[in-house]
Protein chains: 2
Amino acid sequence: MYRTHTCGELRLENKNSEATLAGWVQTVRKISASLYFVDLRDRYGITQLCFTGDSIRLLDENPLGREFVLQATGMVNERSNKNANLPTGDIELLVTSFKILNKSAVPPFTIQDDTDGGDDLRMKYRFLDLRRNAVKKNLELRYAVNRAARNYLHQKQFMDIETPFLIKSTPEGARDFVVPSRMNPGQFYALPQSPQTFKQLLMVSGYDRYYQIVKCFRDEDLRADRQPEFTQIDCEMAFVEQEDILNMFEGMVKHIFKEVKGIDYTEKVERMTWEDAMWQFGNDKPDIRFGMKLLNLKKPATVYSDKQDQPALISGADFKVFDEAETVLAVAIPGCSEYTRKQTDELTEWVKRPQIGMKGLVFIKCNTDGTYKSSVDKFYSEERLKAIADAAGAAPGDLVLLLAGAEERTRKAASELRLEMAERLGLRKKEEFKLLWVLDFPLFEYDEEGNRWVARHHPFTSPKPSQIETMINNNPVIENAAEYLKHPYATIKANAYDMVLNGNEIGGGSIRIFQRELQEKMFAALGMDKEEQLHKFGFLLGAFEYGAPPHGGIAFGFDRLCAILGGSESIRDFIAFPKNNAGRDVMLDAPATIDDKQFEELQIKLDLKN
Amino acid sequence: MYRTHTCGELRLENKNSEATLAGWVQTVRKISASLYFVDLRDRYGITQLCFTGDSIRLLDENPLGREFVLQATGMVNERSNKNANLPTGDIELLVTSFKILNKSAVPPFTIQDDTDGGDDLRMKYRFLDLRRNAVKKNLELRYAVNRAARNYLHQKQFMDIETPFLIKSTPEGARDFVVPSRMNPGQFYALPQSPQTFKQLLMVSGYDRYYQIVKCFRDEDLRADRQPEFTQIDCEMAFVEQEDILNMFEGMVKHIFKEVKGIDYTEKVERMTWEDAMWQFGNDKPDIRFGMKLLNLKKPATVYSDKQDQPALISGADFKVFDEAETVLAVAIPGCSEYTRKQTDELTEWVKRPQIGMKGLVFIKCNTDGTYKSSVDKFYSEERLKAIADAAGAAPGDLVLLLAGAEERTRKAASELRLEMAERLGLRKKEEFKLLWVLDFPLFEYDEEGNRWVARHHPFTSPKPSQIETMINNNPVIENAAEYLKHPYATIKANAYDMVLNGNEIGGGSIRIFQRELQEKMFAALGMDKEEQLHKFGFLLGAFEYGAPPHGGIAFGFDRLCAILGGSESIRDFIAFPKNNAGRDVMLDAPATIDDKQFEELQIKLDLKN
């Protein structure tokens, strides 16, 4: 061992004993010709080394630079100038001998919390970026979450069972990464997008409670903050209903809060149907750390059929923008009634950005004196403005913002506007954590391009038991694309649930189909004929013939969960060796070309479009 | 929840309370028209269900078959015929109502320890094979080993840090699996053969103690009991010497023994140099549960230069087989002096099999009456036979077996013969565990085909400190292929170590090179020019410029470790979804063809040789 103690270990009680430390030179401070201080850093902390007398001569002969690897032996000494910010701040090591274990070139950026290195440089020199305390804390948090999840699941009798990485390509939705097989020329493995079918097979096999913290792969065009390889906490249970899963896994997340953040999350996790979430927040993963629910003034007839909009509040005023819009939504922003023209103009520009895509923004100022002022004063009397503001839940001093347009876009815009305003008002507090279960998702989504149904979650999710008949007894074919919402399949709700944390989906799952007939119907509904079903999922359909138990599960986005717990927007900060937005590892310079010999052995060649 | 208790849970103290169970029908026994017993099985155990009265009628209407999934409610009753072999054997459930949750076709083989299913059938229906108790116990053991390793390493301040799976192809020795990149046409990722360079980078980054239980990939022609994807317990430490690693990881394996097998392995793990292992056992992973060391009668001049053979014992007898052989080895087999002619003939045939490849076998019977009898009596006097037998450590009643031939083949054959005889004599006891460290491996191996050096362990393993000069100051080029053993590189020993358990290598590692200059010399010795070095390992060489600490590590073959602890020869039995010897998953039928669209998107095409 190169050391007797770590750089975070020595204390006053070690005074006058000898110690040997090894670590990296953080700083060298020359106090005088006969006194140098060196801060030595390792994973565990920083200890001050003090060079005087003989050791000075050695130091002058062997000058130290930043990030040199140093081994130093000496006596532990009480410091005269104690540093209360450092756990080792009461002591220093009076160096009697030392050895430079390795030199360092001058790093391309400083190894500090506030580094001077840009993103690209830090990605290229990731091994140096990883030395920074900010990054180290992220990876430590990640390990703590990993450990807490495992301990909880172990205690609940879950078994970690490894599933294969070289599987079969069955692209559904996202693209698979594929792996040519040298031993089976012309054939390919695929990397798993998730262990979904394997964990279901394990339930068929009777393993009862399975988990894995496992890498998954999706060859998607990378949106910001997506990675081609990512990690899931993947879980499955047999003989359970939705309620059992919700309880089990809110327990897990609460355990993680407690272990990792010291937070006692004792209240029951709120629950909300998908329809309510969309209706009230315009979003299936609402941030409920704050209110500001949407007021649905107007909606198309066919969507959210059991929800009542309030068109009377805006109709008959001859305001064409509202009259002609499919959907009109309002949101009350607390305490913003005194926004200036400049501010409301800026908000209007904000909603008109291409990412939001609205044509404009209507506002109502609910002045503290009880009067109402609006950008559409000439259409609506103060009385009508008050009625709208009241319905939106606005109090005196609030600002009501109204958006109008096509249903989907407007709802999304209202959701974004709500989040933006909350951000500006400081209502999205990093250290406040609010969980939410979103339930009763639609089973199917409509795919306009193919005029067909696609599985909203995945093809293994079961419909609500009361709607199995609807699914079995109706032909999935959509005769009239324009009226797809009238197809019975549009109303089928899934036994599916998402866990949402602070407006981010951190987990999602479902109770699965476990009957062969229903699974076949589902595949057929998605446009798979018998042959394709058997080619892709014959093993699963086969397994359902031999006593498949009722089962369900959930998968958590581990990278995302860690990022949110760490108060960050970016999952990259919580991955040791992430890829950039082009899917490249710029440190390794991967992907890269391969040798001719590899092509030859794999019996493939390039077919570049140019 | 579909159940109040598991099938392994109910006891006499639950008597007269109601319970609901869910599980699989193991057996249905019709005792009489008014009494049926059904054994219901789940992961946790088996409980006897008793159907009488009303429930009989229901049962007749809904007949149960093997592997049906059943939910049953009833009262817990004390059994009149208790079954002491079953934890639930004191009770039964008097069924009042039940529900068939799913039916099952008749399984293609019986779900029992002694199943009637052949290998191929069980691989195809792996989801049913996994139901068998024998397989379940293996996966439970695997999870227990996983858990014990993690707990030990956590307690020793190791951090689980995930490394990437989509990396760069740098084939060295084994072939990489590659993954075409759609977003970077013409370029490929590779799947890692191990996280070797990443864990070294993590040491450079200061993480100090890293571990991961991680999948690795090698596209090799599969020898028996190899898998294209396999799992390692992968570990690395900074600021350590070999001794620190040996102590840390024999601690881990002992902890696993204790936690998983209840074995207190308190003695220090034995250590042996690679030369001693080869000399005494003909093998670099000797099984030391028993003695039977080899006697080296004759060896080529250039190998094991510090080991003394005893050619005088056999020379001058005009026995050409020995005189002309490069190597002659003997091994004493305890208690076998009374082998019949038939038995010695059979042994002779055994060593002549192509897998062993010897031309014949010489034996000396050390009779209990003090006489010696040999197949080469006409060349050697009884006195000389006694001298050989004594040197081989044979006692009266033992049988000495002698092999002669080319060095490498003969040593291997002697090793195999020793193991075979020990197996026959019952000396390789499944429940006896004997660990061994093998140390001081050669740094290089000679590659005849290329007349060049290859790294015996891998290119990151450091030479013994005393031999760094030998490495730096000599030209690696081998001028005279016939005399490669005289090249200074042939004598360089590595800072490398293997952990051996009962004759199996379960782990291997080394102290790494951490100086750029030495690493470059190593790459050059392996025939890599500067350009290739930078293309493949530029990131690592770069990292060594910025303060790389001394470090080293080890990786355990997790599948193998589990198999040995489970008393099995085959790692497949300890993998939930293994591949067959052609690298196929016969359950999934993978690998398989992919769609034209996938080829088009990946911009590759097939180039089949016929």
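This briefing covers the symmetry, overall build, nonpolar cores and selected backbone features of the structure above.

The model is predicted. Chain A is superposed on chain B by a rotation of 180 degrees with 0.0 Å of shift along the axis, at an RMSD of 0.1 Å. The two copies are thus related as by a two-fold rotation axis. Of the interface residues of chain A, 99% are also interface residues in chain B, so the copies meet through the same surface.

**Overall build of chain A**

- Chain A contains 16 helices and 23 strands.
- Taken along the principal axes, the C-alpha atoms of chain A fill a box of roughly 90 × 75 × 55 Å.
- Chain A has 610 residues, and 60% of them count as buried.
- Among contacts in chain A with a separation of 6 or more, 67% are between residues 24 or more positions apart.
- The domain assignment divides chain A into domain 1 (12-102), domain 2 (134-265 + 556-597), domain 3 (290-428) and domain 4 (442-493 + 515-548).
- Between domain 1 and domain 4 of chain A, the C-alpha centres are 68 Å apart.

**Nonpolar cores**

- The largest nonpolar core holds 87 residues, and A:Ile233 and A:Phe249 have the most contacts inside it.
- Helix α6 (residues 242-261) of chain A supplies the largest share of this core, with nine residues.
- Leaving aside neighbours within four places in sequence, A:Phe249 is in contact with A:Leu153, A:Phe158, A:Cys235, A:Met237, A:Trp437, A:Met499, A:Ile554 and A:Phe556.
- Another core, of 86 residues, lies apart from the largest one; its members include A:Ala590, B:Phe257, B:Tyr497 and B:Leu540.
- In soluble globular proteins, nonpolar side chains tend to be buried together.

- B:Asn102 belongs to strand β5 (residues 91-102) of chain B.
- With a relative accessible area of 13%, B:Asn102 is buried, because the cut-off for buried is under 20%.
- A polar atom of the B:Asn102 side chain lies 2.8 Å from the backbone oxygen of A:Ala548.
- Leaving aside neighbours within four places in sequence, B:Asn102 is in contact with A:Phe514, A:Phe544 and A:Ala548 from chain A, and with B:Phe68 and B:Val69 from chain B.

**Helix α4 of chain B**

- Helix α4 (residues 133-155) of chain B has 23 residues, so at 1.5 Å a residue it should span 33 Å.
- B:Gln157, which follows α4(B), has a positive phi near 70 degrees.

**Cis peptide bonds**

- In chain A, the peptide bond from A:Ala590 to A:Pro591 is cis, with omega near 0 degrees.
- A:Pro591 sits in the loop between α15 (558-565) and α16 (596-602) of chain A.
- In chain B, B:Ala590 and B:Pro591 are joined by a cis peptide bond, with omega about 0 degrees.
- B:Pro591 is in the loop between α15 (558-565) and α16 (596-602) of chain B.

**Positive phi in chain A**

- A:Asp208 is not a glycine, yet its phi is positive, near 75 degrees.
- The loop between α5 (196-204) and β9 (209-217) of chain A holds A:Asp208, and this residue is buried at a relative accessible area of 1%.
- A:Gln603, also a residue other than glycine, has a positive phi of about 55 degrees.
- A:Gln603 lies in the loop between α16 and β23 (604-606) of chain A, and at 12% relative accessibility A:Gln603 counts as buried.

Terms used
Residues are numbered from 1 along each chain as its sequence is written. Chains are lettered from A and ligands numbered from 1 in the order in which they are written. This is a predicted model: local features need pLDDT of at least 70, side-chain atom pairs count only at pLDDT 80 or more; totals for chains, interfaces and linings use all residues. Side-chain values use heavy atoms; hydrogens and water are left out. Copies are superposed by least squares on the C-alpha atoms of residues with pLDDT of at least 70 in both. Contact means heavy atoms within 4.5 Å. Helices (H or I, at least four residues) and strands (E, at least two) are DSSP runs, numbered from the N terminus. Buried means under 20% relative accessible area, exposed over 50%, partly exposed in between (1.4 Å probe, protein chains only). A polar contact is a pair of N or O atoms within 3.5 Å; within protein, one must be able to donate a hydrogen and the other to accept it, and residues adjacent in sequence count only if both atoms are side-chain atoms. A nonpolar core is a set of buried Ala, Val, Leu, Ile, Met, Phe, Trp, Tyr and Cys residues joined through side-chain atoms within 4.5 Å. The expected span of a helix is 1.5 Å times one less than its number of residues. Domain bounds come from an automatic or database domain assignment.
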